[in-house]
Structures are given as C-alpha cells and as structure tokens.
Amino acid sequence: MLKELIDKFYIENQKNKDQAKFYITDAGKCPRAVFFKFKNAPRESLPARILRIFEHGEHMHRNIFNILYRLRIGVTTEIPIPAQEIISGRADAILCIDNENYVLDIKSINSMIFRNLLQPKEENVCQIQLYMHYFNIKKGLLLYIDKDQQNIKEFLVSYDENLVKGLLDGFYDLKSKIEADNIPVRLQDYPKNWQCGYCQFKDICKIANGQALNWKDFKKKIESQPQML
C-alpha cells in the first residue's frame, strides 16, 4: 500500500529535460544514447528504485561536502565550468591540499563494484579530465564511496591533453550528427557493453539496428508503433 504510493511519487515526478548542450557527464557515454536524449526520443522510465538510489547518492555528496568544509582545505563545492559553446557541467568540488589544487569528483557505487574496483572507471576519468581542462587544474581526485559499507577509495588523475582533445573532437562530431539528424552507429560491443543493459533507449536502438540512419525517417517509423510512444 505505502510502497506503491512512494513508488508512484518517484515515477510521476520523473522529468525528461530538454537538452541544448552536452553535459560533461555525457563524456564516455554511448553517442547514440546521447543523440536520442537530445532528440527527446521515446525512452523507458527509470524505476522508482533507481531514482531513490540517485537521491541517496546526492545525500552522500552533501555529507562529503560537509566534511570537506570542516577539514578547512580551501574547498569550493558544486562549481560550474566557465561558459562554453556546446558543453556545460558542474564539478563536485575544487580543493587545495598542501598548496596544490585538485578537482574532486565523487561517485557512489555498490559493494560488488567497489570490491572489484582496481582502477577508476573509464567514463569517470573522461569526465574529470574535462573538469580539469576547463578549470585549468592539472590534478584530479576520483573519490568512490561504497554506499553499502561506506568504505572509500581514491584515485589521483593527471591531466591528459590528448585525451581531452579526443573527447572534445567527439563532442563536436556528435553535435554535427545531431544538427544533421544522423543517428550514430551502435557501440561496437553492443549488446555486451555495460551501458546497453541500463540504457533507457534500448528498445528503439534495437529497432534502429546497428548502422547510421536518418532521424526523421526513423522517427516516422517509431511513431507508427503506438507502444513506442
């Protein structure tokens, strides 16, 4: 009874925002999924459980921010990157430790992933590289929190100019595809890539098959299938 009411609250308050710029968190993600997000393509709603997990992660961020302030290490939290043409983002924090500046990115993950985490996740490295680039800071810290056991791991990341260039080139290439209504090809390791299992666009991605195609033509196709809307 109460469970159903709580789940309904989360699901009914779920909103898909119009997107005009790339988010830094889009770095390292499937270009086709990002394309569909820009086009407001039909997507699966996130389950209430996942929405609660996101909300819990935000609370954990707030707790870390509180500790950082109490440590008095010259912290600025939730700071937007300088205005950019096609990218927006907000870093969790910028720290000053022993007279050196660091960009901090906090990630909460489950115990199973945490135990097996021997190096930072590739997509997280991509994201913090862009933060370092836009803030002109050469060092970053990826802080992973085990949300079940509350253990912590940290990884120091150094600025990689070549990686950043590749990421920015990828964004501009995807921007041209979005403007030209050209749906990108699927990921090479589809459907084994971890993103595929969690993708809200997996149903329409399956219909689109693997090759690049025109969005307007494809949109007509999915609009003819009421179950997709």
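**Exposed, cis and core**

Guide: Asn99 counts as exposed, with a relative accessibility of 75%. Keep in mind that this is a predicted model.

Visitor: Why is Asn99 called exposed?

Guide: The word exposed applies over 50%. Asn99 has 75%, so Asn99 counts as exposed. This residue sits in the loop between β4 (90–97) and β5 (100–109).

Visitor: What is noted about the phi of Gln150?

Guide: Phi of Gln150 is near 65°, a positive value in a residue other than glycine. Asn99 also has a phi near 65°. Most residues other than glycine have a negative phi.

Visitor: Which peptide bond is cis?

Guide: The bond from Tyr190 to Pro191 is cis, and its omega is near -5°. Pro191 lies in the loop between β8 (182–183) and α7 (194–198). Most peptide bonds are trans.

Visitor: What makes a set of residues a nonpolar core?

Guide: The residues must be buried, of nonpolar kinds such as Phe, Ile and Leu, and joined through side-chain atoms within 4.5 Å. The largest such core here has 47 residues, and Phe22, Phe36, Ile87 and Leu130 have the most contacts inside it. Helix α5 (residues 122–135) gives the largest share of this core, eight residues. A second, separate core has 13 residues, including Met60 and Ile106.

Key: Residues are numbered from 1 along each chain as its sequence is written. This is a predicted model: local features need pLDDT of at least 70, side-chain atom pairs count only at pLDDT 80 or more; totals for chains, interfaces and linings use all residues. Side-chain values use heavy atoms; hydrogens and water are left out. Helices (H or I, at least four residues) and strands (E, at least two) are DSSP runs, numbered from the N terminus. Buried means under 20% relative accessible area, exposed over 50%, partly exposed in between (1.4 Å probe, protein chains only).
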